[in-house]
Amino acid sequence: MSVEMTGPLLSSDPEVARILGDELDRQRTTLQLIASENFTSPSVIAATASVLTNKYSEGYPGRRYYGGNIFADEVEDLARERVKALFGAEHANVQPHAGASANLAVYLGLAEAGDTILAMRLDQGGHLTHGSPVSITGKTYRFVSYGVTPANEEGTGERIDLDLVRDLARRERPRIIVAGTTAYARIIDPKPYREIADEVGAIFMFDAAHPAGLIAGGVHPNPVGVADVVTFTTHKTLRGPRGGAILCNQEHAKAIDGAIFPGLQGGPLEHVIAAKAVAFREASQPEFRDYAQRVLENARALADALSKEGFRLVTGGTENHQVILDLRSFDEGLTGKVAQEALDRAGITCNRNQIPDDPRSPFVTSGLRLGTPAETTAGMGVNEMATIAKLMGRVLRNVEDEGELARVREEVRGLCQAFDPYPDTK
Ligand SMILES: *Cc1c(COP(=O)(O)O)cnc(C)c1O
């Protein structure tokens, strides 16, 4: 149980303190391989847990609706200046509560209900907010979807089908073209999208929710200055608090700010904005560039080792922090759901994921998505990635053997002990 992190809760609310302590224990004794997760620094956690949670700050710095915002203004300005410098942007909005609200704000600010938006299909690697019928985005706008090219033996398939993007853009004349994915292990070059958007007079939005930290760390091309608007989450590879942000040029600044407040949200979470400021500073340090590099090296090492275990890699490999496995090559009958649950019992946390043209439903799936951002933060390197691949192979060859799962669980515990993400917390 963490004394530092639960502090006064220990005596005032032992029930919640116990749960928080158990969650800390789970995070440090099991492997965190969910590609969208990370371990934030104690400084980010401290800012998130600060008294700024008490403050109402509807509006923007210098133009608030309530009094007493002198320090809220200061911290939000600091966050905006830091993130603009980090990515080279003209304008920043750091108020989105999440990546989903950032995306919705762009649609709300720059399109009309019913307008056509071109984006990646969910089952090909896109996100719910890219027009899924169950999302408000899909209910409000007319989404047209592109996907990836077919898989092939050489491993050069399953890439974003830019010819299809161009054809659909010419035919459908979308108001907005969206680049960005939630499950795709390749670099996304923003330039071809820019050309297509210019040709058809569309706005180009780049959803960098996943690669934001890789962009800040210099290992993924920067879409800022190429795209009209860039949205991202602050909690994935960027390693900040849960939340979102939007970067754009001056031309769109007013529409974007108005869409976030008063369009979509009420008061901003200034404590989270303070934590975003902390994370933006951390991401601007030279050590963060090394971190981003190691995230990629670890993903490549994990992918190579899993391929040797007999798993097919979707797209044939990885160029970012993700590894996407097609389980059918390993075991035709093994579903993503069964695999995820067996791995969970063995202390290996990841998520099932549809692979392109998956015959199974999104609830069952034929794939797994893995990511290296969190365990790289904890200090793991390529040797640990090879160990993890072997442990995963053992689990997935023995999904019904609880004894074997328990043995792997103990080995995972030993591995995690040597790489504690919070070594200074009891
Ligand atoms: C994670 C993600 C989002 C949404 O982020 P939330 O903070 O979960 O709302 C949006 N787009 C993409 C591509 C994502 O991967």
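**Exercise 1. Decide whether L269 counts as buried, partly exposed or exposed.**

Solution. Start with the value: L269 has 33% relative accessibility. Next, bring in the cut-offs: buried means under 20% relative accessible area, exposed over 50%, and partly exposed in between, with a 1.4 Å probe and protein chains only. L269 is therefore partly exposed.

Before going on, a word on the model: it is predicted, so local features need pLDDT of at least 70, side-chain atom pairs count only at pLDDT 80 or more, and totals for chains, interfaces and linings use all residues. Residues are numbered from 1 along each chain as its sequence is written, and side-chain values use heavy atoms, leaving out hydrogens and water.

**Exercise 2. Place L269 in the fold, and find how far T425 is from it.**

Solution. Helices here are DSSP runs of H or I with at least four residues, strands are runs of E with at least two, and both are numbered from the N terminus. Then turn to T425: 156 residues separate it from L269 in sequence, and their C-alpha atoms are 26 Å apart in space.

**Exercise 3. Describe the chain as a whole.**

Solution. Begin with the elements: there are 17 helices and 15 strands. Now take burial: 58% of the 426 residues are buried. Finally, check the contacts (heavy atoms within 4.5 Å): of those between residues at least 6 apart in sequence, 71% join residues at least 24 apart. For the overall extent, the C-alpha atoms fill a box of roughly 60 × 60 × 40 Å along the principal axes.
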